[in-house]
Amino acid sequence: MGSLFRSEDMTLCQLFLQSEAAYACVSELGELGLVQFRDLNPDVNAFQRKFVNEVRRCDEMERKLRFLEKEIRKDGIPMLDTGDNPDAPQPREMIDLEATFEKLESEMNDVNANSEALKKNFLELTELKHILRKTQAFFDEADHHTMQAMHDPLIPDDDVQLLGEELGRHAGQALKLGFVAGVILRERIPAFERMLWRVCRGNVFLKQAEIDTRLEDPITGDRVDKTVFIIFFQGEQLKSRVKKICEGFRATLYPCPETQSDRREMSIGVMTRIEDLNTVLGQTQDHRHRLLVAAAKNIKVWFIKVRKIKAIYHTLNMFNLDVTQKCLISECWCPVADLDRIQQALKRGNERSGSSVPSILNRMSTRQEPPTYHRLNKFTVVFQNIVDAYGVASYREVNPAPWTIISFPFLFAIMFGDAGHGVIMLLFALYLVIMEKRLAPKMSADEIFGMFFNGRYIILLMGAFSIYTGLIYNDIFSKSLNIFGSAWKPDPSVYNTSSMDLKNYKINANNTVERPYPFGLDPVWQLAINKITITNSLKMKISVIFGVCHMLFGLSLSLLNHRFFNKPLNVYFEFIPQLIFMCSIFGYLILLIFVKWLKFGPADTGKAPNLLIGLISMFLFQYEDPCKPTTCWYAGQKGFQITLVVVAVLCVPWMLLVKPYMLRKQHLEGKPHQYTLLNGDMSQDDELLEVVHHVDSETAYPGDDDGYEEKLSVNSGDLLNSEVEGDDGTLDQTGLVRPTPQPFDFSEVMITQAIHTIEYCLGCVSHTASYLRLWALSLAHAQLSEVLWTMVMTTALSFKIQWLSVIFIFVCFAFWACCSIVILVLMEGMSAFLHALRLHWVEFQSKFYKGEGYQFVPFSFDTMLAEYGLAD
Amino acid sequence: MGTRAETTFIVVSIFWAFIGIVCPILLQFCMGKSPNKGIVQIMFIMTAVCCYLFWLCAFLFQLNPLVGPQLESNLIRVMQYEWFGIDPTGHHHVKTT
């Protein structure tokens, strides 16, 4: 059975590691994943711990790796995941790794900075190119005006300046117009214009032209629209104002030569420079790409290594340094069965680090409750999770999970009960199970899919059992199968076609063929008008039968707990009265159900006893004097039932009073009888207590460990198995010594017992009624299914116009299928899942389960890396 | 309760008894070393118990029915014809399909 039946036997161990070997040993233990370290320095600040520098270095390395990863992702390079799991590197390798990362990071930064500068340059040159092109148009216009003003064909075009010197001379003023040219974001132009107009009082002249192509902003990488503008003004004052406004609006100004020939030269120069820049940019990008591709090959492995190093140093921070400063000490929980493997891991660690002194693993005794550890595989883990969601099992109590593997899907199936929908669930789960390996990576991406994927084994079993219960309820998408021939044959002599004038007839039960339908419910019931009455009776009785059986099973598991923890008081004064109470009332009810099924047939239609009324009258001691066959139907019933009720009522004070009295009696008889110490010697009690307190005070250990070691080392045999009986179960098989700290408080014990008794007795009745949800959900599911069929498919199939009905059936089937899946499979499935879960958590587990333990969380690289994988 | 009912009862009981009792015993020898042996045994036993009990309830429920189905007249006619091969004149006929 292994540890799934009960949690593993755990022991607290003390680990003595030599400082040089510590790193390697912890690394080996991390690979093994079977040890949970306790923090021996809980009140030490994170910055004052011993290995804080190493952790800081690891953080720094991780930061560099994340930066590299981001760059790799930005470029869309695939990161190779070889599935390698490299061991944590030695401390000296860490320096090499640090150097590599440092180099990579600085190279990347250089490349990025260069690339940015180049792009900025490129942008400027491009803008200049556009300016030169656009301003050509402005000057052409001016040129045209001057040509109109003074027509002098002799002056070549190149020499024509803005407005022409001649015009300027004619005007008789030094009409020297200055101008600035630049580029601004297109969105800002209206506001820019307005500002210019206001500030310069309309004395400047703005011309603008849009740039058609979008330019790339070097910093953000966005593509933006820009506009070329040129502003003409006169005088220095206006020039400074214009320049200030341009600065304010973040417009970039460029020097623009006045003559056309100059402009042409500049244009050519700019084009050449742009081409050169393009080449350089291309080369820079190539270099960056090559860098990243080289890094991408190893980055996953580096991540794993760095994370492992960090985890090891975090763990080492939890250790204590002993007085001689040469040895690291820690405490850890580990399963007793794995002590050999742990010893071997320590040996391996020692060999790897080449240390001469071997590491020592010692078992210790302690007052604390060990963690709960169940060994799980991929199938059982999901069932254990749903049990743990309610509460982790107390140390070494019976685990409900192995029973839940079948009982949970089965109770689900009783509520789901449709073979067709069960087939859908089964196929979906089979797909998930068979494609496990391929679908596992996708699990981390999508949370909802991840939930379904994690529960694939539950869904598989739920689907399989639903098919079974669906066949027994004879419900496949609300239709029945007639495989073996119905048992209800309408006798032709009675139900003659010529003599049938009523709308409907109730077939006489005497008219059945010789045997009931062999497998499940008869197919005739799906067609019958009184189907619901009959299926209600069947399903309610099934619910009560299964409910009482489930609860009795839970009760019997509590017996196993009592026997294991060696509490005979609980067996005689809790378990037995509980059993008698439940059996005498509800066990009797189940018996009556079966007897009624077997004893009363078609001949007794009017006289069959009503079990519910019978149960109520049994409680109220109501028996009619002339005994009617409906209420008392076997000889001696009255006497028997009265006895049962009296016995049940007597169980209540039995549960309530006897155990506290016995506990008080034991307490008054004195303690010495109650403790069998570890070595049977009273004098050692104090020493052990001292040891126990020693452990708890968490101070540095004295150098003299000898007396301590020889008592508790692993090699000296298993001395920790003794049976200690105490007040409220202070014992367990590992022989944890727990002297009773508080005095015996009778009132508290009494109140606890009263609460347990009331909870149990009322719980019996209410939980039995609670199991009727098995009937209720099954009824709801069947009715929903039937309504969907009748409303949707029947309308489609009985459509009058033949040629149109083809399309209509097609559409209606799509609608029916979608509704079936969404409402009946998903919604009802989730509902039945929750109710089955509740039945397990409350009705079943309240009979035996304490659930007050805490989970064993071993130091394991696998789980740590998996967590990081999900976080990524 | 005719003999056909008893046959059904015996056959089904033997089937679930095989699954619930014989299979775990076989597993004891086949899967002797595997750590999952206990779990698989529990699964077989519980499946057998649950499924058998469920079938038993449905079977016993219909063994001595107190009430019969209430059917429309047309449906009775169809049932007689399709399921039991009784044509409208009241005689049995051999169904060819």
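Chain A of this predicted model is divided into domain 1 (145-275) and domain 2 (381-647 + 754-847). Chain B is likewise assigned domain 1 (3-66) and domain 2 (68-97). These bounds come from an automatic or database domain assignment.

| Domain pair | Distance between C-alpha centres |
|---|---|
| domain 1 of chain A and domain 2 of chain A | 88 Å |
| domain 1 of chain B and domain 2 of chain B | 37 Å |

Chain A holds 24 helices and 12 strands, where helices (H or I, at least four residues) and strands (E, at least two) are DSSP runs, numbered from the N terminus. Of the 872 residues in chain A, 47% are buried, that is, under 20% relative accessible area (1.4 Å probe, protein chains only). The accessible surface of chain A is about 44300 Å², with 59% of it belonging to carbon and sulfur atoms; the areas come from the Shrake-Rupley method with a 1.4 Å probe. Among the contacts in chain A (heavy atoms within 4.5 Å) with a separation of 6 or more, 82% link residues 24 or more positions apart.

Confidence is given per residue as pLDDT, from 0 to 100. Chain B has a mean pLDDT of 87, with 93% of its residues at 70 or more. For the complex, the predictor gives an ipTM of 0.94 and a pTM of 0.80.

Residues are numbered from 1 along each chain as its sequence is written, and chains are lettered from A and ligands numbered from 1 in the order in which they are written. Local features need pLDDT of at least 70, side-chain atom pairs count only at pLDDT 80 or more, and totals for chains, interfaces and linings use all residues, while side-chain values use heavy atoms, with hydrogens and water left out.

Note on methods:
Buried means under 20% relative accessible area, exposed over 50%, partly exposed in between (1.4 Å probe, protein chains only). pLDDT is the predictor's confidence in each residue, from 0 to 100.
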